[in-house]
Amino acid sequence: MNRSTTQMLSIWNPATGEIIESLPTDDRGAVLEKASRAREAQPAWAARPLKTRLEVLQRFRQLVKDNLENLAHTTTRETGKPISQSRNEVKGLDGRLAFFLEATETTLATRTVHEEPGLQEQLAWEPLGVVANISAWNYPYFVGGNVFVPALLAGNAVLYKPSEHASLTGQALADLLWQAGVPKPVFQVVLGGGSTGAALMDAPINAAFFTGSYSTGLRVAESAARHLLKTQLELGGKDPVYVMEDVNVATAAAATADGAFYNAGQSCCAIERLYVHEKIYEAFVDAFLETVDGFSVGDPQDDRTYIGPLTRAAQIDVLEAQTKDAVAQGGQLRRGGQRLERAGFYFAPTVITQANHNMLLMREESFGPIIGIQKVANDEEAVQLMNDTAYGLTAGVYGSDRARAETILKQMHSGTVYWNCCDRVSPRLPWSGRGQSGLGTTLSTLGISAFVQPKAWHLKG
Ligand code: NDP
């Protein structure tokens, strides 16, 4: 590699604002070379018995456990995620690996769907080929693993492009996959920013699985359309929760504050809008503020820190603009609202009450430690406001009456609904978005089938 002409990628520590490493990026030529190596190697990987691929991923599962501390610290260094939350994520990957290792064989088994004398019809599955996995930085183990684990198990080669904000984590994952026995050309890391992602979309791949923002997702979809590629898009959200009047106020406030502020609100399914029944509105806001006051903000390497810096410095401008706009539209700034006077990309946990839907805060993805709380008079108003969004990732209801909650949740235009819980993902259930939250499904058996294509066998004789 000629370093003098290679563009370098700076890795920042969001907690200090300092560059901690510099990595060579892949230009268009390098991406094409990697795609061609993947294409060559994929058939042999697919030809191995599924049992062998399962053993390889089982070894990867053990290696992730053995390297928990190193992985968690790597992620915290480059994303600013509090170390306890990085550990939680690495540990959480285990449950997903366990599910995929258990469910893949039955999901991909060939089925005889019809039989009569002299005729058999069978449904079989084949891998897609070379899969591009363009990933986000906020949960690199989860959003990456949701794609590359089932993709590899199904016999695909993977070109994994971590976000430029999670490149060290991406490399660490690759090292463990290779140690586990995945051949190097079958799983390759493609490093770089947006232009590298765009080059990957133009390379000879068979499918693209993208996790990221709606605006980048659109560009990926346009590129996929030009090449007639199978595409999945896991995009953003503006997820609402409605708190009914019959909750335990303290419990609901603590749970929803955690749903809004965990990982500094940088979760695709973070609560971004709260609607609270007018009968408990004041009490709920008081309890919510008390919870937020208890959050420790600080150094993400400190075990006690709950809210660290934002991963991307530029998002602070978005949060400031949303705060300013909300206050101009009649919102009451109850906590935060500005960047913190310290090194790094910190924004104070921000709570705005008397929110309404004229505000950017209630309409556009915030992706930070900020929440708008709006008072509602009844269930009908809550339903109307919750569905008043172009996104459709998750929606939740807190209340003691399951039937009443289900009536509301059935009306939600979202891929996931929650009763008395939030910000939760299960490997056993499909993860999918509606509207601007995306296309396609990861996790569950559907998220295994996403990585294969059917072959119909008509057998006479
Ligand atoms: P971005 O859309 O900024 O980036 C996503 C990925 O796309 C990155 O790897 C990025 O590279 C790459 N990329 C950028 N431009 C292009 C391009 N033209 N062609 C191909 N790839 C490109 O999102 P973030 O990483 O900032 O992630 C945050 C977003 O992801 C939020 O909106 C969040 O809601 C969403 N998300 C959704 C999830 C879901 O399950 N629905 C899960 C997690 C996050 P680079 O970073 O190097 O620029």
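1. The shell around the ligand in this predicted model comprises 13 nonpolar, 12 polar and 6 charged residues. Of the 31 residues around the ligand, those that come nearest are Trp137, Ser213, Glu234, Leu235 and Glu365.

2. Three elements, α7 (194-202), β8 (207-211) and α8 (214-227), each contribute at least two residues to the shell around the ligand.

3. An N or O atom in the side chain of Trp431 is 2.8 Å from an oxygen atom of the ligand, and for the side chain of Glu164 the corresponding distance is 2.9 Å. A polar side-chain atom of Ser163 lies 3.1 Å from a ligand oxygen atom. The ligand taken alone exposes 910 Å², of which the protein buries 92%. The site of the ligand is the largest pocket.

4. The largest cavity holds about 80 Å³ of space. It is lined by 15 residues, and Met386, Thr389, Tyr391, Gly392 and His413 are the closest to its centre.

5. The lining of the largest cavity divides into 6 nonpolar, 6 polar and 3 charged residues. Both β10 (239-243) and β15 (394-398) supply at least two residues of this lining.

6. The second largest cavity has a volume of about 40 Å³. Its lining has 4 nonpolar, 6 polar and 1 charged residues, including Lys81, Asn138, Gln266 and Pro309. Trp137 also lines the second largest cavity, and Trp137 is one of the residues that come nearest to the ligand.

Conventions
Residues numbered from 1 in each chain as written. Predicted model: local features only at pLDDT ≥ 70, side-chain atom pairs only at ≥ 80, totals over all residues. Heavy atoms only, no water. Near = heavy atom within 4 Å. Polar contact = N/O pair within 3.5 Å; in protein donor to acceptor, adjacent residues only side chain to side chain. Areas by Shrake-Rupley, 256 points an atom, 1.4 Å probe, with all protein chains shown as cover. 1 Å grid on protein atoms, 1.4 Å probe; cavity = no way out; pocket = protein on both sides within 12 Å on 5 of 7 lines; lining within 4 Å. Sits in = over half its atoms within 2 Å of the grid points. Helix = DSSP H or I, 4+ residues; strand = E, 2+ residues; numbered from the N terminus. Nonpolar A, V, L, I, M, F, W, Y, C, P; charged D, E, K, R; others polar. Points joined across faces, edges and corners; volume = space filled by probe spheres on them.
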